[in-house]
Amino acid sequence: MNWLEISLEVNGEMAEAVAEVLSRYVPSGVVIESTTIMSDPDSKGQPTGPLRVCAYLPIDDQTDKTRRQIEQSLYFLGRIHPLPAPQFTPITETDWSEAWKKNFHPVPIGNQLIIVPAWLEVPDKNRIPIRIDPCKAFGTGTHPSTQLCLEFLETRLLNADVLDVGCGSGILSIAALKLGAKRAFGVDTNPDAISIAAENAAANGVAGRAAFSIGSVAEIQSGAFPVRQAPIVVANILTHILIRLLDAGLGELVSPDGELLLSGILEEQLPKIEAALHTHGFEIHEKRQIEDWVAVASAERRKSFRS
């Protein structure tokens with residue numbers, strides 16, 4: 001089978017928005033990857049520069065129609081924020097399976113972690129490897145919002161359970177378990193994400209301590225897992241969804257003296273998150289930022305926070 005690759009190079013601010021548009025039309029998933037890895041030895045292989053968002057359409061009698069729909073949707077998105085013209089490249093099945101591999105490299109995170117493509121050897125034995133097969137855009141560790149969450153997790157004392165809302169590839173749950181969490185429970189509204197998270201957990205040797213289920217806050221509250229609260233609750237999702245989840249009871253999943261770690265927030269949207277957290281009795285006690293992306297750690301105002 002032949003495929004049509006759709007790709008755009010955009011900054012981190014627009015990568016998630018472009019991926020969301022492409023995912024409406026591409027059933028096989030969307031990939032977000034770094035275009036450049038810093039060569040300075042002090043950078044530890046840190047990704048830099050724009051991100052490449054790409055998706056693959058099977059070439060059939062619907063391809064032209066779908067392409068026009070994608071172009072129209074990207075045009076309207078570009079009216080909000082300028083976008084480069086999408087590139088459309090016909091490729092073969094073999095090319096498709098290798099296209100994203102050539103630009104996906106090990107990515108060190110913080111002081112302890114390293115994201116390693118599933119087909120590569122671990123390049124730094126002093127770091128904790130998180131093996132991810134980026135076959136779909138459910139979280140590969142290259143996006144700043146994911147990196148910020150991972151940095152938060154590695155500085156926490158994780159000898160406890162973790163709840164991962166919007167788990168995607170399971171990368172945050174897997175990292176938490178490798179950093180010492182007892183158990184990790186993840187939910188996502190996309191059934192494909194659940195199966196991929198389970199596969200990634202097995203590939204990292206933590207399947208016995210991880211569980212993933214279709215759903216969101218309500219499903220956790222109704223007993224989808226053995227726990228309804230955890231000392232660490234993490235959600236790496238776009239701002240408007242985080243606010244919706246807070247209204248749905250996201251903060252109620254945090255056990256006494258626990259923390260709520262939120263990411264996927266653009267700097268300009270931070271006041272909205274602060275206001276939503278305040279409405280639900282939480283206050284921010286730590287912030288981290290990469291470029292325009294911000295992650296926050298918060299706790300209930302009336303509870304003493306213990307690091």
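**Close-ups of a predicted model**

**View 1. Helix α9 has two faces.** On the face of α9 turned away from its buried side you'll find the exposed residues K272 and T279. Here exposed means over 50% relative accessible area, buried means under 20%, and partly exposed is in between (1.4 Å probe, protein chains only). Helices (H or I, at least four residues) and strands (E, at least two) are DSSP runs, numbered from the N terminus. The buried residues of α9, which spans 270-279, are L270, I273, A276 and L277. They sit on the same side of α9 because they cover an arc of only 125° around the axis, going by the directions from the helix axis to the C-beta atoms. They pack against α8, β12, β13 and β14, with contact meaning heavy atoms within 4.5 Å.

This is a predicted model: local features need pLDDT of at least 70, side-chain atom pairs count only at pLDDT 80 or more, and totals for chains, interfaces and linings use all residues. Residues are numbered from 1 along each chain as its sequence is written, and side-chain values use heavy atoms, leaving out hydrogens and water.

**View 2. Now for some aromatic rings.** The whole structure holds 2 aromatic pairs (Phe, Tyr or Trp rings, six-membered for Trp, with centres within 6.5 Å; planes under 30 degrees apart are stacked, over 60 edge-to-face, the rest tilted). Y75 and F76 are edge-to-face, because their centres are 5.4 Å apart and their planes are at 65°. F185 and F225 have centres 5.1 Å apart and planes at 35°, so that pair is tilted. Both F185 and F225 are buried.
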